[in-house]
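Visitor: Please take me through this entry point by point, with the cut-offs behind each term.

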Amino acid sequence: AITVDPSAQGAKIDDTMYGVFFEDINRAADGGLYAELVQNRSFEYSTADNGSYTPLTSWTVGGTAQVVNDSGRLNERNRNYLSLGAGSTVTNAGYNTGIRVEQGKKYDFSVWARAESGSTLTVSLKDAAGSLATARQVAVKGGWAKYKATFTATRTSNRGRLAVAAANPAALDEVSLFPRDTYKNQPNGLRKDLAEKIAALKPGFVRFPGGCLVNTGSMEDYSEASNWQRKRSYQWKDTIGPVEQRATNANFWGYNQSYGLGYYEYFRFSEDIGAMPLPVVPALVTGCGQNKATDDEALLKRHIQDTLDLIEFANGPATSTWGKVRAQMGHPKPFHLTHIGVGNEENLPREFFARFEKFRAAIKAKYPDITVISNSGPDDAGTTFDTAWQLNREGKVDMVDEHYYNSPNWFLQNNDRYDSYDRKGPKVFLGEYASQGNAWKNGLAEAAYMTGLERNADIVKLASYAPLLANEDYVQWRPDMIWFNNRASWNSANYEVQKLFMTNVGDRVVPSKATTTPNVSGPITGAVGLSTWATSAAYDDVKVTSADGSTLLSDDFSGDASKWTTSGRGSWSIQDGQYVQSDTAAENTMVTAGDPAWKDYDLHVKATKKSGK
Ligand code: AHR
């Protein structure tokens, strides 16, 4: 039985409670959300990013071409360029199987080029079967300048290649191809299907840009004069301004990041989807399993100043130094930053907290209304976590960012985790969590856990599943919420759970108590309902229909105790009234690696409880 007391007042739930955590991991940015179709567009890939890279990774050369780093470069922050010989061609292979183009759609090509004696570039889009668009000729003359051309695809292909041929010698850099059709048609914009999937969650906030991406290497010097080119520390100022002036960098996850998707684009995207922007800055202590910190006072001062400048970039008037930069990029109005994270999962709690306090003091002195979020380190169920929490509590911080990845059983068993958290202590930002898997049972365990977060919404103020995105051909971390390749994207069961909660945020918790397994009758819509039903008890006479009423599955559990088939879409079975994943690979086919058509089903499940028959 479920007892509900409608007159009782449970916790108030903030509209911003559920959000998303974006990190450029699994090619979430370049080759993912960032709509650029050319890989290694500025010839900056190097072994510092990945041992297998060269400056010509993703390019093939016909004739003579070499990557040059000399004083003839495009600018100080874009060091390499391509010197293309007369009658020679370079061809880019994009990501995954190639450049995806759709018949009838427009694609904007641009290149920075230099040809002192003049040259003509012939730019074409093709695949193994031939041309994909009418080739364009671009006349180049003199020093570095930007040239543009537009293609309209005559065929759809997932295996496109962009080729640039030079009649006479020419220098090329920042070779780019963008779909005209980006999310909200923003320039230097985002891939539409992925952005729409994130927007459909109606997230309360967007945490960015990481993750381990943020804090690893943050004790390294990042002065212009020394190692700015390969600094391995994520600095927001490197990610704004004209894209050809954003120095690419080694990404912690083993590839190169162009920063084409940078802080301006993160703020703009948050605004476009109505979410609160929540940046995280490095705190000069390495987390993510690395135990390093620096006592370099000058570096600390610079980091703190950069953080203050970031707040000005987001919120300052267009007349302020950094507000002006934002305005010049196209956004005179502020981005309304209210929360900022300092640090990510540091392994040295004392060293971290000493530095955190300095950041907080400087931020609060200038911007007293900003919520400064601290960190608990990894949840090791032991000293690091406990020490971090003790310091945070004693230091009276506003909010603490917690991270954990555990088994589905752990999530089921720890639904009461926050029931006992000190109500007078810091609030909680559950910045990263996931049960280990993308199967239905994982989504279900997370849903159960989220009821515990909601019950404690007076203390758990923000929560985001992690990570958000994964390109199936470049995976460093799984599970992930949304999967994709160069031509399609599909949701995990975990995504559906997040969506269910995020799009139905209540105002207040109504306290309730369940004393038996809930009975299920009548239609249950959606995959989560199916999982809830299927794992909760034994049922009979089960029918799953799609929205148009056609039967997808049905069984009366007579005969061979109910083998189900799923119209060829993966294989589940119901045995003795219990949902059984008979084949993990098939399950993955269904929910992660998928058949994008699956998402179109609006499932209705009807079942009669066995004992009640
Ligand atoms: O979400 C993946 C990683 O998990 C994040 O980068 C890090 O913060 C955590 O360890």
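Visitor: In which loop is E345 found?
Guide: Helices (H or I, at least four residues) and strands (E, at least two) are DSSP runs numbered from the N terminus. Strand β19 covers 339–342, and helix α6 covers residues 349–366. E345 is found in the loop between β19 and α6.

Visitor: From which number are residues counted, and what pLDDT do local features need?
Guide: Residues are numbered from 1 along each chain, as its sequence is written. This is a predicted model, in which totals for chains, interfaces and linings use all residues, side-chain atom pairs count only at pLDDT 80 or more, and local features need pLDDT of at least 70.

Visitor: Is E345 buried or exposed?
Guide: A residue is buried if 20 or more other C-beta atoms, placed from the backbone, lie within 10 Å of its own, exposed if 12 or fewer, and partly exposed in between. Phi of E345 is near 50 degrees, a positive value in a residue other than glycine. E345 has 27 C-beta neighbours inside 10 Å, so it counts as buried.

Visitor: Which residues are closest to the ligand?
Guide: A residue is near a molecule if its C-beta atom, placed from the backbone, lies within 6 Å of it. The ligand is surrounded by 13 residues. The closest are G211, C212, E345, A466 and P467.

Visitor: How many residues of each class are in the shell around the ligand?
Guide: Ala, Val, Leu, Ile, Met, Phe, Trp, Tyr, Cys and Pro count as nonpolar, Asp, Glu, Lys and Arg as charged, and the others, Gly among them, as polar. The shell has six nonpolar, four polar and three charged residues.

Visitor: Where is H336, and is it buried or exposed?
Guide: H336 is in the loop between α5 and β19. Its phi is near 60 degrees, a positive value in a residue other than glycine. Because 12 other C-beta atoms lie within 10 Å, H336 is exposed.

Visitor: What covers the buried residues of α6?
Guide: Helix α6 has 18 residues and reaches 26 Å from its first C-alpha to its last, close to the 26 Å expected at 1.5 Å a residue; the expected span is 1.5 Å times one less than the number of residues. Its buried residues are P349, E351, F352, F353, R355, F356, F359, R360 and I363. The cover includes β17 (285–286), β18 (292–293), α4, β19, β20 (371–378) and α7 (383–394).

Visitor: Which residues does V280 touch?
Guide: V280 is found in strand β16 (residues 276–281) and is buried, with 26 other C-beta atoms within 10 Å. Two residues are in contact if their C-beta atoms, placed from the backbone, lie within 7 Å. Not counting residues up to four places away in sequence, V280 touches R207, G210, V214, G341 and N344.

Visitor: Which domains does the chain have?
Guide: Domain bounds come from an automatic or database domain assignment. The assignment gives domain 1 (18–29 + 185–502), domain 2 (59–181) and domain 3 (519–612).

Visitor: How far apart are the C-alpha centres of domain 1 and domain 2?
Guide: Ten residues of domain 1 are in contact with 15 residues of domain 2. By class, the side of domain 1 that touches domain 2 has one nonpolar, four polar and five charged residues. The C-alpha centres of the two domains lie 35 Å apart.
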